[in-house]
Amino acid sequence: MLGPSPVPKQQPQPQPQEPNSVKDYLNMIKHDMEEEDLLKSFKAITNQMQQKKQAPKANGTRSVVAPSPSSAPTGSKWTLDALAENIKAALHINSVNTGAIKDIVSLPFKDQFVLLGAITERLLSKNAPTNDRNNTFETVMNILGNLGPEYSDLVYIVTQPLIAAFYDDIHKPYINYVGNQFRTADGSYNSVVFPGVGKAGSNYTRSVTSTSNNNTNLPSPKDVFDKLLKRPDGVFEEHKGGINMMLLYLAIIITHDLFYTDSSDPMRNLTTSYLDLSSLYGYNRADQESVRQMEYGLLKPDQWFDKRLVIQPAGVAGLIVVFSRNHNYIAKKLLEINENERFSYGPGKRLRTKEEQDERLFQTARLINNGCYANVIIHDYIRTIIGTSADSDFVLDPFATPSDPIYGNAVSIEFNAIYRWHAAIGKEDSEWLTQVMDLLMAKMQASRQEERHPGLDRSLINKGAQNVSIFDQLLEGFNEYFVKASPEELARGLPIASAHRGEDGSFADTDILRVLKNGYKQPASEIGNGRNTPAALEHVEIAGINQARILDTCYFNDFRRFLKLTTLDTFEDFSEKKEVQDALRELYGHPDNVELYAGLMVERTKQTGLRLPYTMGRAILSDAVNLLRNDRILTKELTPANLTNWGYQYTRGDPKSNNRIFPTLLSNLFPGVHPDSDEAFTAEQLKTLFNVPKKS
Ligand code: HEM
Ligand SMILES: [Ca+2]
């Protein structure tokens, strides 16, 4: 027998003469927690309070409705009784507890010491691993096993927390099942508990519940645009922090990844609410297959799914091509290494058929590519937005502490509005945009589409794999204007302005780096304070304002309250521009009436990084952290087991450049560009890809 013999409770061991420190300590606890003492003090306090209550008020009036007759305590008697119960609960004082302490004191010192040791071990093991070779658990079980039934309080007190700790070891609800390591095409089952959350085609969520009165006197959206948002002719306020358009190209990829409002139902979001590169891979299985080669896990060369990117500045499509190429680079590398033959097929192999090999390679490459994208977002994008130095190792890492992504992610109508950074568009891109919008409007008039709600008719742009005919018409015009590709070339994939696809469908390396370099060199505009949005976006902005109204989006000050920010109470608080303050006053009358959309755009800006308007800048961080931490795939599945050792290391980035992968992508995926040419990024430029090059 390992433990000591049972000790009958009725005949306690004789107390040792010399003081024993552990015992003294336990006695102290026992004394402090003696129930009667505590209740005595309580009684004294309650009596005193009762007496004070009896004293009549000076003016003799009473505003309290007296309690009705009841057999249970009422009034202050109830309050004080309840308070006493709560305090006892907070101090864990109950008869079992106090009984257990008495039990402990009556045990031999050796056993007391073991039990105390076990408690200490449990407390410490919260932050340091337990060495189970101490056999503490086994010894405790032995002590308890040898106690008589009169020690039931002690047994209870020691075993119940153990049971609770074992129970808590396993997280619930279950969020990770074997075999769910790859993303579905439509975003469903990211949360296995709530499989529909974030799925393409779901309605937007509403973040803010507002009880503000409806404004029955809203200004016309055109007035809002003209007086608050529109960039005046000939004016361009260059970004004061040197942010370039390349950052905005990534922002456009991110917003298209998250938002695709259905033209026939502004409540619906046609894309997935996850950062899963859905613009590259599509929103459902059919979309995905349309861009795949269906062998070796490859995408069609330089192909992507989302046709909306075509009408963006060429660098946006250039950037999606970077990720398209990265996918194929990864898929080829995976097969070349073929770690533990995991991609081999045939008799006796892990996979049965060539199709299974394609699928496994494709999904693994997609997952690794997703890890690379998250790396760029954390290490380049968020870092630049918050204004951390490029030389610093510091990143605001949403993954630094583990999260349990039970709920999945679903984007909201409010976040759709905070991500409309049209004011940031640089000078050259704004000129290009004017031409594209002219073309779009001309097509729209030619097709004489019925407008279902005011603004730009979004049905010009494709909705998934079907209904491409109107977009194809637009594409024709776009091609004549900006590409001039032959029909054969156009058949090889979506076009990029001033770039060409070769025989195999891929673009020339120099063309892609050139459009990216244009964005790299082009300064963005200041974003806040109002009157910075290119005039050509009038229809897009009016559609945005109308969308927010149709969906009853909250007011600007409601949104600030939601984020626990102070409200803006004067029009001077909003913008530093006098003319914007005056226009706000004229259009809305009171700061609380300012719509979310307008308020976000005209607000004063932060002084660092992307210099976003304050509320946008704050909200974007909540959005980004939720997007990343709520995503089961990003938080639980980016492991060497799923990505292969090589793939895992690849997503971790280059240790020589603060674990960033973006520089690696731009230097490795374009072998056809000579390092000394204008298109290539120099080592110095690769350090700060989202700032315009320093003027020499
Ligand atoms: C030259 C650059 C840009 C062009 C030509 C452009 C064009 C457009 C167009 C045509 C729409 C309306 C789409 C529709 O109603 O279906 C739109 C919506 C939108 N834009 Fe832009 N945009 C540009 C830059 C940006 C930038 C820099 C951002 C911010 C990162 C941005 C964020 C958005 C968002 C969030 C929407 C709403 C999307 C939706 O609800 O479906 N855009 N843009
Ligand atoms: Ca997405």
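**Close-up views of a cavity and a surface patch**

**View 1. The second largest cavity holds about 70 Å³ of space.** The model shown is predicted. In this structure there are 7 cavities of 30 Å³ or more. Helices α13 (354-386) and α24 (614-629) are the elements that each give two or more residues to the lining of the second largest cavity.

**View 2. Residues that line the second largest cavity.** The lining is made up of Ile254, Leu275, Ile377, Tyr381, Ile382, Tyr419, Asp623, Ala624, Leu627 and Leu628. With 4 residues, α24 supplies the largest share of this lining. Sorted by class, 9 of the lining residues are nonpolar and 1 is charged, while no polar residue takes part.

**View 3. A nonpolar patch on the surface is formed by Phe137, Met141, Ile163 and Phe166.** Together these four side chains belong to residues with about 370 Å² of accessible area. Two helices, α6 (136-145) and α7 (152-169), are the elements that give two or more residues to the nonpolar patch.

**View 4. Phe137 within the nonpolar patch.** Phe137 sits in helix α6. Its relative accessibility is 38%, so Phe137 counts as partly exposed, a class that lies between buried, under 20%, and exposed, over 50%. Met141, Ile163 and Phe166 are the other members of the patch.

How values were computed:
Residues are numbered from 1 along each chain as its sequence is written. Chains are lettered from A and ligands numbered from 1 in the order in which they are written. This is a predicted model: local features need pLDDT of at least 70, side-chain atom pairs count only at pLDDT 80 or more; totals for chains, interfaces and linings use all residues. Side-chain values use heavy atoms; hydrogens and water are left out. On a 1 Å grid over the protein atoms alone, a cavity is a set of points where a 1.4 Å probe fits but cannot get out, and a pocket is an open set with protein on both sides within 12 Å along at least five of seven lines; lining residues have an atom within 4 Å of a point. Grid points are joined across faces, edges and corners, and a volume is the space filled by probe spheres set on the points. Ala, Val, Leu, Ile, Met, Phe, Trp, Tyr, Cys and Pro count as nonpolar, Asp, Glu, Lys and Arg as charged, and the others, Gly among them, as polar. Patches are made of residues with over 30% relative accessible area and no salt bridge: like charges are joined within 9 Å, nonpolar side chains (Val, Leu, Ile, Met, Phe, Trp, Tyr) within 5 Å. Accessible areas come from the Shrake-Rupley method with a 1.4 Å probe; for residues, only the protein chains shown count as cover. Buried means under 20% relative accessible area, exposed over 50%, partly exposed in between (1.4 Å probe, protein chains only).
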